[in-house]
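Try each task before reading its solution.

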Amino acid sequence: MKLLKPSWVNHNGKPIFSVDIHPDGTKFATGGQGEDSGKVVIWNMAPVLREEDEKNENIPKLLCQMDNHLACVNCVRWSNNGLYLASGGDDKLVMVWKRAAFIGPSTVFGSSSKLANVEQWRCVMILRNHTGDVMDVAWSPHDVWLASCSVDNTIAIWNARKFPEIVMTLKGHTGLVKGLTWDPVGKYIASQADDHSLKVWRTMDWQLETNITKPFSECGGTTHVLRLSWSPDGQYLVSAHAMNNSGPTAQIIERDGWKTNMDFVGHRKAVTVVKFNPKIFKKKQKNGSTPKPSCPYCCCAVGSKDRSLSVWLTSLKRPLVVIHDLFDKSIMDITWTLNGLGLLVCSMDGTVAFLDFSQDELGDPLNEEEKNAIHQNIYGKSLAITMGSQLSSTIIENPEMLKYQQEQQRNQNPNGAQASGPENQTPKLTNVLNGESLEDIRKNLLKKQVETRTADGRRRITPLCIAQLDTGGTAAVNSIGMKSNLLLTSASKIEPMKALDSRFTERSKATPGVTSVPLTIGITPLDRVKDSSSVKEPKGKDETSSDSEDKIVVKSMTKRKGEMEGAEVVEKRKKGRPRKDAKIMPISQPFPQTPVSLDKEPSRLTTPVALLKLPTPSIQKSFSTQVSTDGVTYLEVENEVSVVSGSRLSQLKWSREGREWDTLLPSRIIIATGSSDVVAVACEDRTLSVFTACGRRLIPSIMLPAPMSALHCSGHFVMALTASATLSVWDVQKQTALVKNESLNPILSGTDATVSQSFLTRQGVAVVSLSNGKTYCFNSSLETWNLIADKQDSLVQCADFRNCVSSQDALGSMGPLALTQGRNLSAGRLASRLSSMPHHLQQGMTLAFLEKQLASALILLSASEYRHWLLIYARFLVNEGYELRLRELCQDLLGPVHKSSSSSWETTVLGLRKRDLLTEVLPVIGQNLRFQRLFTEYQDQLELLRLK
Amino acid sequence: MAKVQVLNVAVLDNPSPFGNPFQFEITFECMEDLPEDLEWKIIYVGSAESEEYDQVLDSVLVGPVPAGRHMFVFQADAPNTGLIPESDAVGVTVVLITCTYRGQEFIRIGYYVNNEYTDPELRENPPVKPNYTQLQRNILASNPRVTRFHINWEATMDKMEDSENVDPAPNTMLPPTSMPSKAQPLGLMPDNSMDCL
């Protein structure tokens, strides 16, 4: 074994918390503390491995450094494919880095070290979810998921193929989660936390598989990290800090039954990190000795707070090697080279050490085939197979599911192949800057750039976009040679001058971060010109008069605010006026089926009893209206057609496709409306008459309590909204009242809103929309007003369920619900633009929204919409993994399998057979392998029922 | 993390006569779309002795800034010679380029500037009253001094939550010209602003 401490790998003396070797073995990353920020550095591996490379000036040691993390970086991990680097830090962020396709080296602009970044690594994704420091990150096998754990006690599972989507947040730890490791088979993820527990979670349903507490009950929460590790054969999980007989150990947990019978003993202080060698070894066959079959074994490195490192082989009872006093402070992280013979260790003291083993010491590493054979042997499948499907690691448990999955793939493939073509081409196109080279652009930039003046006379330049971010920044801006026409004489004169030097950085000393620029108000551009000639620097008074300056800022800010508010008030008043006016004036257009009133004067029919609340249409001499869309039907009204013995008669004329009838009424007609089945007219004398489609009077005139405000017919239902704000709905066929003089007070009181629209659904549900954007329907069985749509509802705006809308749903549903909510629904798409909206919040809002839609469709008795939203809801539950809700839904749809008289289960909902709905929902569930058990369970029961 | 990284500043027209405008070609990269403009300023340090003699040569708003790499040329007039102490006119001083977002300075780039007579005779016997027409300005472009400050890139937390829960529209819908601009017209002192309050 060789031991090396490359002194050039350092963070300028600051602690190094994490180290990880790239899968191709050519570089490694370190993460830790930088100058007042977190720091990630990518180093060249060659100078560590070979002395001649270390001495060769032409071989770079540092490849790239990134100080984008605002606070200490606790963990850096390469993805298994080596394309990405994930880092997590005290700034609660996980950043994902990707190498930009840059040509040639570049420096960090103005960096004092003058060390060129040989490679360009760019942050391609910032994952925000944790509310505390991120302690560990881990890529799942095949890079399907990225897991991160935090001191906020949670573990986030990110969809590594669709960042920043969160697959699941694992909750259950009651202490800071400080370490993560994936099962190499992909079935589990294990986490260790300060709550004296190690938890193993299933990746199939993200539920807890086991909770191991016994070996940790004596542990104190004193270690910075608890990096546990899973053996490459998947058989053993080794914890960080555990205790056995008050001695610190690393607990070995067997996959088979999660038994905790063995541990690694010997460290004098808590174990901070355990890392298995990625290789499985077998005994080196010595020349001459009789070849005897030996069990393959694993190798594991253990680092501790006692500053020592031990390396163990699972075939030996004692450690292979123990190295004491390797560092001045606790060991923080360990990483193996992919060939299994090298090992990098980093420490809180800011140094790293490299250990180089020989095959004589560790044994013969198994090659990939042999390793796969072992996996095949134990788990029945080889891990080397990279499956295309997202849940590559889930084992399909039943043939139905397999059949279904295969069918799905067949259906998807032709589409997928087509879609991928054009996508691959687009990034290339964005690179071209209208065929102009960067040099050309630079020459004319000053002339070409767009400069405008803002309202307050300030210059505003629109910068020229020279590269999209996702193209990897191929524009080689940094290679521009700086013009250094410096005279030698002047160079000698330019010496660091203390007084001037301080000007470069002084702001950071005075008020780091929060520098406030004084606001000034009320200066006209004219003043500005005058002033600028005699003005002194406004800044730089921070040290002496920062207080007073702050006050000025506050003052001016508040003044600004005052002005703004004033402006807002004015604006509001302007907006408010027409609304008030609208209350006095008759609303004409909101009643599409009622006559259009040209008269501005509101009708002042004096009704002694009721207070006029809703506007009534004015009486016109004659009007016509179209009713019922199937078969164009016209209603024509002519008031006061003739006077017979002192009473004035009005005529109602009905016509449909050549057929027509007319009837006479003794009073002037205010509103006439009809459906395919009935015609209803309201007269000035507060009567309501209802006729059949053939003109036969169905019921004698109904006497209304107040003048009619709005009248609707749908099927054989008639809805009347009176001026005294009461609602009635009758079924004129059955001659029953569905809603009887129900007051609109519950929905109108407390608001200054008015009824802006009302209609009757085909199922006889009365719907009333108010001017404040809210829409209610009256449920006659509950006898309540129910809010079914609200334009101001934040849920509507923030819910994002686009993923759950299938292509045939995309056209949207037709029905009363869609009618009331209108295009407002698409506003939900805005939600996705809110970059920083936490996923769980969005998830919750979407769930709440979808459930509301479902309930609204139900109360509106709108079957097609109910089915539409049910399927979207099911897809959402499947995508987001709400198993309990999904199960409840399925259970309700399936009902009791065995008939019993006591069961109150209805076989239908809104006329749809529930089990038919379940048949539609099940394939949706089947799309996610995680729910295969649920799928199978209900599929079987449905099948059973069908056979009955 | 900082959403805006300055990748390069090229000093154009350098060296140049003292009276020529300053020209900096600034290349920067932005991680995500910025709802508000960046404000850039060029400050000329008139004298090493005191900040009193600092002059803001100009300030510009730069926007809209979508995610990506951008460049622009920032040109500003030469300093007002009347405000420079005569003793400091010739010799080494500093020019600063600062950038602020939402009123917070997050980067400060400083260059040494050497002002010198080109005429050897004048160099030998400089006049008491500086002859600015003969002065040459030379910016030491190869050695920028960059100081970065951590600032809050988001609106304050409360505000952000509000905007998430209420209406997502305001930021996205505003035309660029009506972006709320916090920055003041340049060259105003706190004292002055006190007066106008």
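**Exercise 1.** Among contacts in chain B between residues at least 6 apart in sequence, what percentage join residues at least 24 apart?

*Solution.* Start with the ground rules. This is a predicted model, in which local features need pLDDT of at least 70, side-chain atom pairs count only at pLDDT 80 or more, and totals for chains, interfaces and linings use all residues. Residues are numbered from 1 along each chain as its sequence is written, chains are lettered from A and ligands numbered from 1 in the order in which they are written, and side-chain values use heavy atoms, with hydrogens and water left out.

Next, a contact means heavy atoms within 4.5 Å. With that cut-off, 66% of the contacts in chain B between residues at least 6 apart join residues at least 24 apart.

**Exercise 2.** Describe the secondary structure and surface of chain B.

*Solution.* First, list the elements. Helices (H or I, at least four residues) and strands (E, at least two) are DSSP runs, numbered from the N terminus. Chain B has four helices and ten strands, in the order β-β-β-β-β-β-β-β-α-β-β-α-α-α from the N terminus.

Then turn to burial. Buried means under 20% relative accessible area, exposed over 50% and partly exposed in between, with a 1.4 Å probe and protein chains only. Of the 197 residues in chain B, 60% are buried. The chain exposes about 7300 Å², with 51% of that supplied by carbon and sulfur atoms; these areas come from the Shrake-Rupley method with a 1.4 Å probe, and for residues only the protein chains shown count as cover.

**Exercise 3.** Why is strand 3 of chain B largely enclosed by the rest of the structure?

*Solution.* Count its buried residues: nine of the nine in strand 3 (residues 22-30) are buried, so the strand is largely enclosed.

Now sort the side chains by direction. In a regular strand they alternate between the two faces of the sheet. Here B:F22, B:F24, B:I26, B:F28 and B:C30 point one way, while B:Q23, B:E25, B:T27 and B:E29 point the other.

Finally, find the partners; two strands pair if DSSP finds at least two bridges between them. Strand 1 (residues 4-12) pairs with strand 3 of chain B in the antiparallel sense over eight bridges, and B:N8 has B:T27 as its bridge partner. Strand 6 (residues 68-76) also pairs with strand 3 in the antiparallel sense, over nine bridges, with B:Q75 opposite B:Q23.

**Exercise 4.** How many disulfides does a search of the whole structure find?

*Solution.* Zero, over all chains. A disulfide is a pair of cysteine sulfur atoms within 2.5 Å. The sulfur of B:C30 has its closest cysteine sulfur in A:C465, 9.9 Å away, so the two are too far apart for a bond. For A:C149, the closest cysteine sulfur is in A:C75 at 7.9 Å, again too far for a bond. A:C149 is buried, at 0% relative accessibility, and B:C30 is buried at 1%.

**Exercise 5.** Which residues touch the most other members of the largest nonpolar core?

*Solution.* A nonpolar core is a set of buried Ala, Val, Leu, Ile, Met, Phe, Trp, Tyr and Cys residues joined through side-chain atoms within 4.5 Å. In the largest, of 49 residues, the answer is A:L850, A:L860, A:W869, A:L870, A:L918 and A:I925. Helix 15 of chain A gives the largest share of this core, ten residues.
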